[in-house]
Amino acid sequence: MTLAQLNKGEKAIIEDLNTDLVPLKLIEMGCLPGNQIELLQLAPFKGPLFLNVNGAQVAIRKETAEHIQVKRTTE
Amino acid sequence: MSKRIKVALIGNPNTGKSSVFNLLTGLQQKTGNYPGITVEKKEGFCRLTKELSATVFDLPGTYSLNASSLDENVVIELLMNRKHEDFPDVAVIVADIENIKRNLLLFTQIKDLGIPSILVVNMSDRMRRKGISLDVEMMEQELNTKIVLTSTLKKEGIDSLKTQIANHNQLEYSSCLDFRDIDPDYFASLQKTFPNQSIYKLWLVITQDVNFANIDRNSIQSTNGDHTRSTSFLKRLQQRETIKRYQFINEVLKKSLEINREQATDFQNRLDRMLTHRFWGYVIFFVILLTIFQAIYDWSGYPMDVIDSAFVSMSEWAKTNLPSWFVPKLIAEGIIPGLGGVVIFIPQIAILFVFISILEETGYMSRVVFLMDRVLRRFGLSGKSVVPLISGTACAIPAIMATRNIENWKERLITILVTPFTTCSARLPVYLILIALVIPDTRVLGANLQGLVLMGLYLLGFGMALAGAYVLQLVLKLPHKTAFVVEMPNYRIPILRNVGIAVYNKTKSFVLEAGKIILAISVLLWVLASNGPSSSFGDAEAIVGQEQGLTPTELEQKISAYKLEQSYLGYVGKFIEPAIAPLGYDWKIGIAIVTSFAAREVFVGTLATIYNVGTDEEDTIKNRMADEVHADGKPVFTLASGMSLMIFYAFAMQCMSTLAIVQKETNSWKWPAIQLVVMTLIAYLAAFATFQVL
């Protein structure tokens, strides 16, 4: 599944990401395979995702999230 | 003679880098621009020891040396060029304890460049509360550097930072990363081709499109080894580099840092759940905006009255006590009222900047970016356009400069083009005086009606900016790639000192910049108003004096009105009167519109000059305007003409400085020219419609 499919409040582990389409800046913030990611908040009408990646809090758009493969860890 | 060294302050945004800069340099700061681009350049002076002082450069905030914006380019171009006049003797990398891992990424990159580096760990006062403990000695050893703990909130650690900077000669150089770990073949071959160069510098030249010494991308490309392969290949290597760096950092932190996560970020999370809530988040944002505009209106009234009457009495004093030849008259009737027109803005500008810098300092501004991105994207803007659009309410110039954080060129260009629609502080005096004249001072549903109208004008500006963006989005055919990554910093209590310095610097530069133009125009106006082309100007007393049955005051008023009509300025106003009469303006307002094409704020100053010329009354400008009548005895300033004038000012592009900055940012005259023509046209039509309807 991709990060874009995660629900609000859920945690996941990053499995893989498309380096051509995910900005390097996000990778440098710790968005790397193996790291934990939590979806803290979603802006309405398919707005940006508010994430906690590896301890850093960032907002990214949905189309970026679609290029990040994750594995859900919360049931 | 004491020695002076150069120090570069480098760090991620939101680490308190500017606070460290403020503490090091106090008010001995200078702000300007990097040549050719509009990235703000901040430098300051700092005394380290008796013999040694330093010029400190506060470089733009950057996450890494892999640049993705103009700001970050500035940093890398400076650090790559040893011959640059600002090339630092020592780099101070500011990190904050809560995001130390990410901050260290930049530190390892700077260190790999071979620049002597000191690490500052800021916000150390939060460590205990956050359950963090740091083994400084161990970390110094692992990173092979010197570390200084600071707390800019409590002003701690600055003295030991100065000592470390003074002793920068003792810093050791070593690399954090071995590039052969990333891709042995590629980097070995690269090093073989350029045996005398540092491998990291070569790598940055390949990936960052910057020049370094006598090697540029093309010369690397022309070598045998095929070192600039596909971007996809290079990006994969960059990702691997990042992973290696994090591995190194994790090793360092494992030995030196302990975090008890339990005590961590509960309060922050609860705050975020509320402030970024899909419904309440917007309500709160709207309430904050409303509060700001009410405060600007309510709080600035008293100081403005004081300033207004102070300048009136100064002018009166000068008129009665100075001799009556050209220069003293110019001072009393041209310069003093003109200056008054500048100084009177200070209360509102200062109040607005206080709010904006508090919103930025607390970290709330990033939440607004998050909340507004979806809404603004519909109009071809980005969530990041919120900062320019809100800063635009202070002044379009820094606002347009702030668009450089928007990586996407199309979104950036649209933001630049529509930002001048937002209500800048130069429009505020025009609005304030007109609202006071034509809107009754009553309360509607508990809110001050005048304040509501003012807020309405602000919303109108935003609305027009959005509408403009929507049209531009459809019209502009530009390729665009989205890259939207916004850090959401932890909430912080704003440091008053930083707010104070920001307000002081911004207000100062505004007053100085605008002041020059206003003063020059005031003088020009006064000269034009007190001379006329025909002999009837000089004979005013005789011509008007023939009329019978006037009291001395009436006579004097008639004479001054007649003189103004016959002056050069009067002729200009009369000339354009046919064009502006359908909007409800007379030729005096026409003069003010003509003169304020250079800068809006000149409007009030012009009226002050016009109405002051030759009269000895102590009326303030507002009362004087209320008394103005058309030839047929109807008042000039009615609800219709006042609103029409406000609408005109809301939309018209009347600011030379903004046009200049747009030219600089877009690097073409095409965009500012389009802005000038289109905005003025919209303003004329909208004002016409307003006057005809009301």
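**Figure 1. Where domain 1 meets domain 4 in chain B.** Five residues of domain 1 of chain B are in contact with seven residues of domain 4 of chain B, contact being C-beta atoms, placed from the backbone, within 7 Å. Helix α1 (residues 17-25) of chain B supplies the largest share of the domain 1 side, three residues. That side has five polar residues, with no nonpolar and no charged ones. Here Ala, Val, Leu, Ile, Met, Phe, Trp, Tyr, Cys and Pro count as nonpolar, Asp, Glu, Lys and Arg as charged, and the others, Gly among them, as polar. For orientation, chain B is divided into domain 1 (3-170), domain 2 (179-260), domain 3 (280-434 + 441-475) and domain 4 (496-693), with bounds from an automatic or database domain assignment.

A note for all views: this is a predicted model, in which local features need pLDDT of at least 70, side-chain atom pairs count only at pLDDT 80 or more, and totals for chains, interfaces and linings use all residues. Residues are numbered from 1 along each chain as its sequence is written, while chains are lettered from A and ligands numbered from 1 in the order in which they are written.

**Figure 2. Helix α17 of chain B and its cover.** Nine of the 10 residues in helix α17 (residues 409-418) of chain B are buried; buried means 20 or more other C-beta atoms within 10 Å of the residue's own, exposed means 12 or fewer, and partly exposed lies in between. Helices (H or I, at least four residues) and strands (E, at least two) are DSSP runs, numbered from the N terminus. Look for B:Arg412, B:Leu413 and B:Ile416 among the buried residues. Their cover includes α15 (386-391), α16 (396-402), α19 (449-475), α29 (656-666) and α30 (670-693) of chain B.

**Figure 3. Helix α2 of chain B and its packing partners.** In helix α2 (residues 70-80) of chain B, the buried residues are B:Glu72, B:Asn73, B:Val74, B:Val75, B:Ile76 and B:Leu79. They pack against β1 (3-11), α3 (100-112) and α7 (199-208) of chain B.

Figure 4. A:Lys46 is exposed, with 12 other C-beta atoms within 10 Å. B:Lys155 is partly exposed, with 13 other C-beta atoms within 10 Å.

Note on methods: Contact = placed C-beta atoms within 7 Å.
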